[in-house]
Each structure stands twice: as structure tokens, then as C-alpha cells.
Amino acid sequence: MKPPAVTNPPVGRPAVGSQSAKKSAGGTQPGDGIALAVVGAGQRGTLYARIARRLGAKIASVANPGATRRDRFGDEFDLPPNRRYATWQEMLEDSPAWDAVVVASPDTEHAEPGVAALEQGHHLLLEKPLATNPAAASQLAAAAAASGKVTAVCHVLRYSPSGRALADTIRQGLIGQVTGITHFQPIGWWHFAHSFVRGSWRSQADGSSLLEAMGVHDIDWVAGLVQAPVERVISFGSLQHFRPEHRPPGAADRCQDCPAEPTCPYSAVRIYGRFLDHPLYSDWPLRVVTPEATPAALAQALRTGPYGQCVYLGLNDVVDHQTVNLELAGGAVIDVTLSAFWEMAARSTRVLGTRGCLEYDGQHLSWFDFASGERRDITPQVSGDAGGVYASGDEGLIRAFLEAVRAEDPSLVPSSVAESHRTLKLVWAAEQARCSGRVISLAGPN
Ligand SMILES: NC(=O)c1ccc[n+]([C@@H]2O[C@H](COP(=O)([O-])OP(=O)(O)OC[C@H]3O[C@@H](n4cnc5c(N)ncnc54)[C@H](O)[C@@H]3O)[C@@H](O)[C@H]2O)c1
């Protein structure tokens with residue numbers, strides 16, 4: 001027996017922005033006539049600005065404290081000197097006629113510029129997490145609600161073509177009622193060492209937890225797939241491995257000087273050396289380590305910067321593996337695991353329904369139907385969105401945001417500030433559960 005026909009095929013069908021996508025049909029681009037100001041000229045700010053420009057938007061101003069990045073960004077987007085600002089406060093005070101502000105500064109620097117941009121009447125694209133403390137997140141959520149503006153938080157998993165198709169398949173009832181989701185984020189051994197041991201996300205005390213920085217995507221993604229409030233949360237995890245007691249005997253502080261380097265899986269010399277000509281990783285993460293991708297510049301960066309340091313120095317406090325369980329009203333259960341200890345790979349999600357199940361590896365999506373006993377590949381056939389395991393939703397996010405701004409319709413964006421605030425409350429509940437060892441009960445809708 002064949003699986004039931006998909007009456008409204010999820011394949012390639014846009015789940016968001018479809019109304020204004022019609023406007024684009026006559027050759028107009030979603031970003032036409034939209035001017036953006038960017039806070040944070042780093043990796044994400046530059047990426048979003050490139051996509052937005054390709055989709056027709058104008059990049060009109062930038063704020064970044066460091067002059068090198070500010071000018072590199074300013075040169076790339078042809079900004080005159082008076083549209084390159086050292087602080088977002090100066091930029092917003094100057095307030096030329098942009099339509100939207102993109103906030104892509106570090107985790108602790110999102111809420112304040114976000115609130116200020118909304119209060120000035122701009123639409124807002126904001127990096128995750130909204131904030132690293134509840135008071136700032138609530139202030140931002142209140143400003144977003146009062147503004148009526150389009151807000152989009154960069155939960156890119158919601159915007160990849162396959163991710164949209166998966167959500168649509170569930171919404172259409174093709175697997176019946178969802179009873180569970182099991183989701184794995186294999187952060188990857190070198191990615192974890194790069195970002196969470198040596199890099200900007202290594203300190204929970206000064207910045208964000210693993211869940212705030214990374215798991216917020218996963219929890220947003222899986223909780224957004226089921227239309228039911230979360231009632232109970234538990235979580236376990238720790239910094240098990242990247243600690244001074246696991247330092248090999250005789251290891252040096254820098255990989256370049258270390259006798260254990262040849263056999264150490266976390267050797268910065270080997271990890272970054274492989275990326276010099278890598279098709280995916282020669283930009284990120286290599287350019288984070290060294291602005292110039294040459295063997296000499298890399299050697300110098302590893303000799304002097306944080307990315308050449310031993311991973312066992314004890315300068316990090318972020319957990320290296322964590323699991324979160326959510327119980328939803330109606331009985332569905334969700335488990336989310338994040339771990340450093342896997343190869344660098346795309347996330348995988350399995351959705352367990354009463355009539356069938358879905359399997360998703362970040363790109364391929366398959367549907368097994370219990371009645372027919374058949375499995376079917378329902379991966380959308382779309383081009384573009386290339387560029388590694390993290391890039392797949394980037395273009396979809398920017399497209400949806402620009403379409404919503406053009407239509408002045410906040411409902412066209414599924415990852416609003418309000419939605420992300422709900423996610424962040426789950427993240428904080430999970431962290432509270434992990435630290436206290438208790439089951440956290442959540443009262444009311446979330
Ligand atoms: N959505 C995603 O998939 C995703 C992926 C990676 C990172 N992120 C998030 O994006 C944000 C930026 O990350 P990144 O990798 O681009 O980091 P980055 O370090 O490359 O860029 C951040 C930039 O912000 C600048 N900056 C610092 N303080 C600032 C301030 N007060 N005002 C303006 N600019 C300021 C820095 O100088 C830097 O140029 C982080 O919050 C990160 O968690 C999201």
C-alpha cells in the first residue's frame with residue numbers, strides 16, 4: 001500500500017512570507033527600498049548584510065567599536081565615513097531614515113540596542129539570545145509588543161527549506177499527533193574547543209551558558225514544532241572534560257610548544273592548519289583566528305592569541321555536554337542533547353507521531369507512514385542556501401524578515417521577539433533544573 005498522498009505538498013512550499021513573496025514575483029526583490037543599519041560588524045553582521053544586499057536591501061550605516069572591522073565592513077558596503085560609527089548609541093542618535101536595525105553584537109550586547117531601535121520606530125532583526133538576564137529580556141519583549149514593529153530573532157533552524165517542510169508536515173497532520181521529539185546537536189569536538197573553550201563563548205560567568213549561546217536554537221526549534229505549552233523541565237550536564245586535571249603530563253600552555261600536540265585531538269596547529277585551504281572552513285572559523293589566511297599569519301596568531309592555547313588551562317566554565325527534557329501539556333516529551341564529543345555534523349531530529357514519524361538530518365527529510373509501512377523522501381528540491389551546516393537557514397531568515405518589513409506585517413516572521421522570549425524562559429528553566437537537580441514545573445502558557 002502506498003503512503004497517503006500529500007495533498008498540499010510540503011516540498012519547497014514557503015511556510016512564511018508567502019503573501020509578500022507574491023510581490024516579489026514581478027522581478028522585484030524582497031529588500032528593494034529597504035535601508036538597514038547594522039550593529040556589530042563581525043561574522044554574523046557581515047553575513048546578514050551580504051545576504052540582505054543580494055536580496056535588494058541597502059546597507060546604510062554600521063556601528064562597531066573596533067576600527068578595523070568597522071572599516072572593513074564600511075568599505076565592503078561603500079559606506080561614507082559619517083555612516084561608520086564606533087557605538088550604536090551614536091548611530092541611533094544620528095538616526096538617518098533606515099527601515100530596520102540589525103543587531104549582531106556579542107550576546108550581552110543585544111537587549112539595549114534592540115530596545116533603543118524599537119523605541120525609535122525601527123523594525124528589528126536581532127541575534128540570539130535576546131538577553132543574558134531575565135530583566136533585560138522582559139524589557140525587550142515589552143518594547144517589541146509596544147512597538148508593533150516587525151521583530152525577527154535569528155533562530156535560523158526555523159528557516160531552512162527542509163526545516164520548514166518538516167514543520168509543515170507536522171502541521172498538516174500527516175504523522176498524526178506528535179508524542180515525542182528526539183534531537184541531537186553534535187557541536188563537534190573542534191567547534192566546541194574553538195568557540196566554548198578558547199573562544200568568545202567560553203565563559204558563562206561573563207557571557208552566556210551553553211544553552212543561551214547554542215541550545216537556544218535547538219530548544220526554539222523543537223518546542224516550536226509542537227503547539228502545546230511545556231509543563232515540566234529537567235536537565236543534566238557538566239564541564240566533564242575540558243578541565244586542568246585532564247591536561248596530559250608535560251603539556252605546554254601553547255600547542256606549538258607542546259610535546260603532546262601530535263596525538264592531541266584538540267591540537268590548534270592541526271585543527272586550524274587543515275582549514276587554510278578548506279572549502280567550508282577557510283572563512284569561519286579560520287578568519288576568527290587570523291585575519292589573513294596564510295601559514296605565517298596563522299602561526300603568529302596561534303603563538304600570541306587565545307586560539308593557540310591548550311584546552312586544559314581552565315580558562316573556560318561552559319558545560320561540554322548537556323541534555324534537556326521537556327514534558328508538554330497533552331503528554332508529548334522532547335529530549336535535546338548538545339555535546340562537544342562528536343564529529344562536526346548537522347543536527348538531527350526525529351519526530352514521533354501516532355500515524356507516522358519523520359527523520360531529519362538538517363538537509364534530508366523522510367517520512368515513514370505506519371498505515372502503508374512505507375518510507376518516503378520528502379526533502380524539498382531547492383537550490384541555493386549553500387555554505388555549511390550553519391548557513392542553511394540564513395538566507396530564509398533574511399528573506400522572511402525583508403518580506404515582513406516590506407509588507408509591514410510582523411506575523412510573517414515566526415521567530416519574533418515574543419516567540420524567542422518564550423524559548424529563553426525554557427532555556428533558563430532548563431539551566432535552573434541542571435544547577436539545582438530539580439524538576440522545574442512551569443505554570444501557565446509559555
Ligand atoms: N544565529 C546564528 O546561527 C548564530 C551563529 C553564530 C553567532 N550568533 C550570534 O551572533 C552574535 C555575533 O556573533 P559573531 O560570531 O558575529 O561574533 P563576532 O565577534 O564575529 O562579531 C561581533 C561584533 O560585534 C562587535 N561589538 C562588540 N560590542 C559591540 C557593541 N557594544 N556595539 C556594536 N558592536 C559591538 C565586535 O567588535 C564584533 O565586531 C552573537 O550574539 C552570537 O551568539 C548567531
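1. In which strand is Phe236 found? Phe236 is found in strand β8, residues 230-238, where helices (H or I, at least four residues) and strands (E, at least two) are DSSP runs numbered from the N terminus. This is a predicted model, in which local features need pLDDT of at least 70 and side-chain atom pairs count only at pLDDT 80 or more, while totals for chains, interfaces and linings use all residues. Residues are numbered from 1 along each chain as its sequence is written, and side-chain values use heavy atoms, with hydrogens and water left out.

2. Phe236 has a relative accessibility of 54% and therefore counts as exposed; the terms used here are buried for under 20% relative accessible area, exposed for over 50%, and partly exposed in between, with a 1.4 Å probe and protein chains only. When residues up to four places away in sequence are not counted, Phe236 touches His321, Gln322, Thr323 and Arg434, contact meaning heavy atoms within 4.5 Å. Phe236 and Ala430 are 194 residues apart in sequence, yet their C-alpha atoms are 8.7 Å apart in space.

3. The helices α5 (residues 111-119) and α6 (residues 134-147) have axes that come within 9 Å and cross at roughly 15°. Axes are lines fitted to C-alpha atoms, for helices over the stretch in contact, and the angles run from 0 to 180 degrees between N-to-C directions. The two helices, α5 and α6, are therefore roughly parallel to each other, given that angles under 35 degrees count as roughly parallel, over 145 as roughly antiparallel, 65 to 115 as roughly perpendicular and the rest as oblique.

4. On the side of α5, the residues that make this contact are Ala111, Gly114, Val115 and Leu118, and on the side of α6 they are Ala136, Gln139, Leu140, Ala143, Ala144 and Ser147. Sorted by class, the contact of α5 with α6 has seven nonpolar, three polar and no charged residues; here Ala, Val, Leu, Ile, Met, Phe, Trp, Tyr, Cys and Pro count as nonpolar, Asp, Glu, Lys and Arg as charged, and the others, Gly among them, as polar. As a general point, an α-helix has 3.6 residues a turn, so residues three or four places apart point the same way.

5. His421, which is found in helix α14, has a relative accessibility of 10% and therefore counts as buried. Leaving aside neighbours within four places in sequence, His421 is in contact with Leu130, Ala137, Ser138 and Ala141.

6. Helix α7 (residues 161-171) is mostly covered, since nine of its eleven residues are buried. Those buried residues of α7 are Ser162, Gly163, Arg164, Ala165, Leu166, Ala167, Asp168, Thr169 and Ile170. What covers them includes the strands β7 (178-186), β11 (348-353), β12 (356-360) and β13 (365-369), together with the helices α9 (210-225) and α13. After α7 comes Gly173, whose phi is positive, near 80°.

7. The structure holds 16 aromatic pairs, where rings of Phe, Tyr and Trp (its six-membered ring) pair if their centres lie within 6.5 Å, and planes under 30 degrees apart count as stacked, over 60 as edge-to-face and the rest as tilted. The rings of Tyr281 and Trp284 have centres 6.3 Å apart and planes at 70°, so this pair is edge-to-face, and both Tyr281 and Trp284 are buried. The rings of Phe368 and Phe370 also have centres 6.3 Å apart, but their planes are at 55°, so this pair is tilted. Phe368 is partly exposed, with a relative accessible area of 24%, and Phe370 is partly exposed at 43%. One aromatic cluster is formed by Trp190, Tyr272, Phe275, Tyr281, Trp284 and Tyr307.

8. Trp284 is also joined to Pro285 by a cis peptide bond, with omega about 5°, and Pro285 is found in the loop between α10 (268-274) and α11 (286-289). Another cis peptide bond joins Lys128 and Pro129, with omega about -10°, and Pro129 has its place in the loop between β5 (123-126) and α6.

9. Two further residues deserve a look at their backbone angles. Asp78, in the loop between α3 (67-76) and β3 (84-85), has a phi near 55°, a positive value in a residue other than glycine, and Asp78 is exposed, with a relative accessible area of 65%. Glu408, in the loop between α13 (394-407) and α14 (417-436), has a positive phi of about 50° although it is not a glycine, and at 57% relative accessibility Glu408 counts as exposed.
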